[in-house]
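Dear colleague,

Please read them with the model open beside you.

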Amino acid sequence: MLIFLWAEGHNGVIGENGQLPWHLPADMHFFKTVTTGNTIIAGARTYRSFGRPLPHRQNIVVTHQAAANFPEDVIVLNSLTAVREYAAAHREEKLFVVGGAQLFIGLQDDVDWLYRTVIDANFTGDTWMPVIDYDKFQLVATQPGIRNDQNPYDYHFEQYQRR
Ligand SMILES: NC(=O)c1ccc[n+]([C@@H]2O[C@H](COP(=O)([O-])OP(=O)(O)OC[C@H]3O[C@@H](n4cnc5c(N)ncnc54)[C@H](OP(=O)(O)O)[C@@H]3O)[C@@H](O)[C@H]2O)c1
């Protein structure tokens, strides 16, 4: 199954200068918890922002570049069609599409689940989540985030399943 996993601020902002617009360790912890042991699928820019393949999960990068440009244990897919074929062949697995915007735009009609962290704050940015048609999804879980010195925003976690 294909799952979008992302965090957004006001107006759906998700990125700035190739990085996240915020520092929110609780969300990074959530990301690690849900993706560990599963598969993450990242666009080349988002993959680059990690700085290395993320450990203890299958890393897939979507790029026009050759596989030789990436570490051997990274699966390189050269098109969204290749992502769809991979997803069809791994239906029982949790495949987390972790961005960025280019992948979220291109795979909107294919995604089965949405895992969204909503951050109730304004950030400047240069990358936004595409407008999702939430009528096509049902909110099945929501969990408040804990605001503290390290995580100085109001935020919560949501999970939606395609209807
Ligand atoms: N807040 C969040 O949850 C979140 C999540 C993820 C990312 N982000 C942020 O979003 C920004 C990155 O997003 P982005 O949209 O600019 O980039 P992106 O989607 O991560 O990567 C874009 C790259 O992916 C490859 N690509 C995209 N579509 C393709 C296709 N159909 N076939 C083959 N390759 C394809 C291309 O790589 P090549 O040029 O190598 O061919 C393209 O340049 C960063 O600021 C990042 O930190 C935020």
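This is a predicted model: local features need pLDDT of at least 70, side-chain atom pairs count only at pLDDT 80 or more; totals for chains, interfaces and linings use all residues.

I begin with the ligand and the residues around it. The ligand is surrounded by 27 residues, and the closest of these are A7, R45, T46, T63 and H64. Four elements, β1 (2-8), β2 (13-15), α2 (44-50) and α4 (101-106), each contribute at least two residues to this shell. By residue class, the shell is made up of eleven nonpolar, 14 polar and two charged residues.

In the case of H64, an N or O atom of the side chain lies 2.7 Å from an oxygen atom of the ligand. Polar backbone atoms also take part, with that of G100 at 2.9 Å from a ligand oxygen and that of V62 at 3.4 Å from a ligand oxygen. On its own the ligand has 930 Å² of accessible area, and the protein covers 86% of it.

Where does the ligand sit? It sits in the largest pocket, which has a volume of about 1,200 Å³. The lining of this pocket consists of 42 residues, and those nearest its centre are T46, S49, F50, V98 and G99. The elements β1, β2, α1 (25-35), α2 and α4 each give at least two residues to the lining, and the largest share, five residues, is that of α2. Sorted by class, the lining of the largest pocket holds 19 nonpolar, 16 polar and seven charged residues.

The second largest pocket contains about 240 Å³ of space. Its lining is formed by 14 residues, with F30, Q143, P144, G145 and F157 lying nearest the centre, and two or more lining residues come from each of α1, β9 (137-144) and β10 (155-162). In this second lining, seven residues are nonpolar, six are polar and one is charged.

Two points of backbone geometry deserve a look when you go through the model. The peptide bond that joins G99 and G100 is cis, with omega at about 0°; G100 belongs to the loop between β6 (95-97) and α4, and G100 is also the residue whose polar backbone atom lies 2.9 Å from a ligand oxygen, while G99 is among the residues nearest the centre of the largest pocket. The other point concerns N11, which is found in the loop between β1 and β2 and has a phi near 65°, a positive value in a residue that is not glycine.

With best wishes

Key:
Residues are numbered from 1 along each chain as its sequence is written. Side-chain values use heavy atoms; hydrogens and water are left out. A residue is near a molecule or strand if one of its heavy atoms lies within 4 Å of it. A polar contact is a pair of N or O atoms within 3.5 Å; within protein, one must be able to donate a hydrogen and the other to accept it, and residues adjacent in sequence count only if both atoms are side-chain atoms. Accessible areas come from the Shrake-Rupley method with a 1.4 Å probe; for residues, only the protein chains shown count as cover. On a 1 Å grid over the protein atoms alone, a cavity is a set of points where a 1.4 Å probe fits but cannot get out, and a pocket is an open set with protein on both sides within 12 Å along at least five of seven lines; lining residues have an atom within 4 Å of a point. A molecule sits in a cavity or pocket if more than half of its atoms lie within 2 Å of its grid points. Ala, Val, Leu, Ile, Met, Phe, Trp, Tyr, Cys and Pro count as nonpolar, Asp, Glu, Lys and Arg as charged, and the others, Gly among them, as polar. Grid points are joined across faces, edges and corners, and a volume is the space filled by probe spheres set on the points.
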